[in-house]
Amino acid sequence: MLAPSTTPGSSEPGLIGRGQPAPAIDGTTLDGRPFDLASLRGRPVIVNFWGPSCVPCREEFPLLLDKLRAHAADGLAVVGVLMNDPPAPALDFIHQYGATWPTVDDSTATFRTAYRVAARPQSYFIDRDGILRSIQVGQLTDAEFERQYALISQGGAPSPSGKTPPTP
């Protein structure tokens with residue numbers, strides 16, 4: 001269940017905003033495993049709303065693969081949220097590219113409603129404390145990725161337990 005949040009200066013529940021806790025994403029991945037976004041606390045996270053029928057999503061996919069490898073030492077996690085496409089072609093696409101991140105199907109529009117997704121692809125940059133720091137509507141470029149990633153990667157690498165070590 002999603003906990004309602006409010007945007008600063010607004011009493012309307014459910015509006016996501018920068019500086020606010022990221023809404024929950026919990027469900028089953030396309031390969032049948034349980035997933036909960038909260039399990040990634042302590043790591044910088046990118047939540048990417050996408051679908052294989054979306055041409056910019058397809059073009060962005062290799063960039064996400066490269067960035068996940070490039071920032072592995074920081075503990076970067078990518079989470080896919082499939083929207084507006086059936087799971088089977090998405091799973092085929094994921095396997096074709098060798099992506100290892102979890103992808104949750106949003107066939108009920110629960111997550112895209114909570115995140116106020118305007119279009120695909122749309123990416124949310126979430127810091128180690130689970131706070132939304134930046135939103136990218138449309139396809140990411142290398143420069144845009146790095147600029148927004150800098151907002152969530154602070155705080156050092158996670159410890160083996162997945163928690164960020166305390167700073168002295």
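User: How many residues of strand β3 are buried?
Analyst: Keeping in mind that this is a predicted model, strand β3, which spans residues 45-50, is mostly covered, with six of its six residues buried.

User: And which residues sit on each side of β3?
Analyst: Val45, Val47 and Phe49 lie on one side, while Ile46, Asn48 and Trp50 lie on the other, and because each of these has under 20% relative accessible area, both faces of the strand count as covered.

User: In what sense do β3 and β4 pair, parallel or antiparallel?
Analyst: The pairing of β3 with strand β4, residues 77-82, is in the parallel sense and extends over six bridges; within β4, Gly80 is the bridge partner of Asn48.

User: Which helix goes with those two strands?
Analyst: That is helix α1, residues 55-70, which together with β3 and β4 makes a β-α-β unit that is right-handed.

User: What about β6, how many bridges join β3 to it?
Analyst: There are five bridges between β3 and strand β6, residues 122-126, and these two strands run antiparallel; on the β6 side, Phe125 is the bridge partner of Ile46.

User: Changing topic: where does Ala24 lie?
Analyst: Ala24 belongs to the segment before β1, the strand at 26-28.

User: What separates the C-alpha atoms of Ala24 and Tyr115?
Analyst: Those C-alpha atoms are separated by 9.4 Å, although Ala24 and Tyr115 are 91 residues apart along the chain.

Technical notes:
Residues numbered from 1 in each chain as written. Predicted model: local features only at pLDDT ≥ 70, side-chain atom pairs only at ≥ 80, totals over all residues. Heavy atoms only, no water. Buried < 20%, exposed > 50% of the residue type's maximum accessible area, 1.4 Å probe, protein only. Helix = DSSP H or I, 4+ residues; strand = E, 2+ residues; numbered from the N terminus. Pairing = 2+ DSSP bridges. Right-handed = clockwise from strand over helix to strand, strands pointing away.
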